Amino acid sequence: MHDAYVTWEEGKQICVELGGVMVVPQSEEELQHLDNIFSGQLFWIGCTDIVVEGTWVCFGEDTIDEQDERWAAGEPDSNGNEDCALRATSGWYDNGCDVYTNLICQRPA
Ligand SMILES: [Ca+2]
Ligand SMILES: [Ca+2]
């Protein structure tokens with residue numbers, strides 16, 4: 001586990017170097033726990049559709065549906081060109097990959 005202020009790609013790399021992967025919260029309980037640690041600040045989620053637009057691939061999972069309940073209402077919308085997943089308090093958003101935000105790494109499942 002680690003936190004920093006990084007882009008999605010940097011975060012992915014940092015987690016690999018630590019022997020882990022970027023976090024993909026599996027349950028509401030886990031999300032709440034992480035929200036508490038970060039006081040509701042944004043953090044990266046280990047999911048991207050950078051390879052095939054609209055196909056979201058997550059570390060430790062295969063693809064996740066755009067209807068997955070972890071997404072915020074109306075997301076992902078690829079507004080502009082958004083290929084990286086971000087946690088906000090209302091749910092997950094797809095966001096540009098080059099913004100700087102918090103990083104959480106987890107050990108591989
Ligand atoms: Ca996209
Ligand atoms: Ca979006």
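**Figure 1. The largest nonpolar core of this predicted model.** This core has 22 residues, and Met22, Trp44, Ile45 and Leu86 touch the most other members. The elements that give two or more residues to it are helix H1 (8–17), strand E3 (43–48), strand E4 (56–58), E6 and strand E7 (91–95). E3 supplies the largest share, four residues. A nonpolar core here means a set of buried Ala, Val, Leu, Ile, Met, Phe, Trp, Tyr and Cys residues joined through C-beta atoms within 7 Å. Buried means that 20 or more other C-beta atoms lie within 10 Å of a residue's own; 12 or fewer makes it exposed, anything in between partly exposed, and the C-beta atoms are placed from the backbone. As general background, nonpolar side chains tend to be buried together in soluble globular proteins.

A word on conventions: residues are numbered from 1 along each chain as its sequence is written, while chains are lettered from A and ligands numbered from 1 in the order in which they are written. Because the model is predicted, local features need pLDDT of at least 70 and side-chain atom pairs count only at pLDDT 80 or more, whereas totals for chains, interfaces and linings use all residues.

**Figure 2. Leu86 and the E6–E7 hairpin.** What does Leu86 touch, once residues up to four places away in sequence are not counted? The list is Leu42, Trp44, Ile45, Trp92, Tyr93, Asn95 and Thr101. Contact means that the C-beta atoms of two residues, placed from the backbone, lie within 7 Å. Tyr93 turns up again as the bridge partner of Leu86 in E7. E6 and E7 pair in the antiparallel sense over five bridges, and the hairpin they form has two residues between the strands. For pairing, DSSP has to find at least two bridges between two strands. E7 is mostly covered, with four of its five residues buried.

**Figure 3. Cys15 in helix H1.** Is Cys15 buried or exposed? Cys15 has 25 C-beta neighbours inside 10 Å, so it counts as buried. Setting aside neighbours within four places in sequence, Cys15 is in contact with Gly20, Val21, Met22 and Cys105. Leu103 sits 88 residues from Cys15 along the chain, yet their C-alpha atoms are separated by 8.7 Å.

Figure 4. Ser39 counts as exposed because it has 6 C-beta neighbours inside 10 Å.

Figure 5. With 14 C-beta neighbours inside 10 Å, Ser78 counts as partly exposed. For background, most residues other than glycine have a negative phi, and most peptide bonds are trans.

**Figure 6. Gly54 in the loop between E3 and E4.** Gly54 has 10 C-beta neighbours inside 10 Å and therefore counts as exposed. Leaving out neighbours within four places in sequence, Gly54 is in contact with Asp49 and Glu66. Asn95 is 41 residues from Gly54 in sequence and 13 Å away in space, C-alpha to C-alpha.

**Figure 7. Stepping back to the chain as a whole.** There are two helices and nine strands, running β-α-β-α-β-β-β-β-β-β-β from the N terminus on. Helices (H or I, at least four residues) and strands (E, at least two) are DSSP runs, numbered from the N terminus. The C-alpha atoms fill a box of roughly 30 × 25 × 25 Å, taken along the principal axes. A compact globule of 109 residues would have a radius of gyration near 13 Å, and the chain's 12 Å agrees with that. That radius is taken over C-alpha atoms, and the globule rule is 2.2 Å times the number of residues to the power 0.38. Buried residues make up 34% of the 109. Of the contacts with a separation of 6 or more, 56% come from residues 24 or more positions apart.
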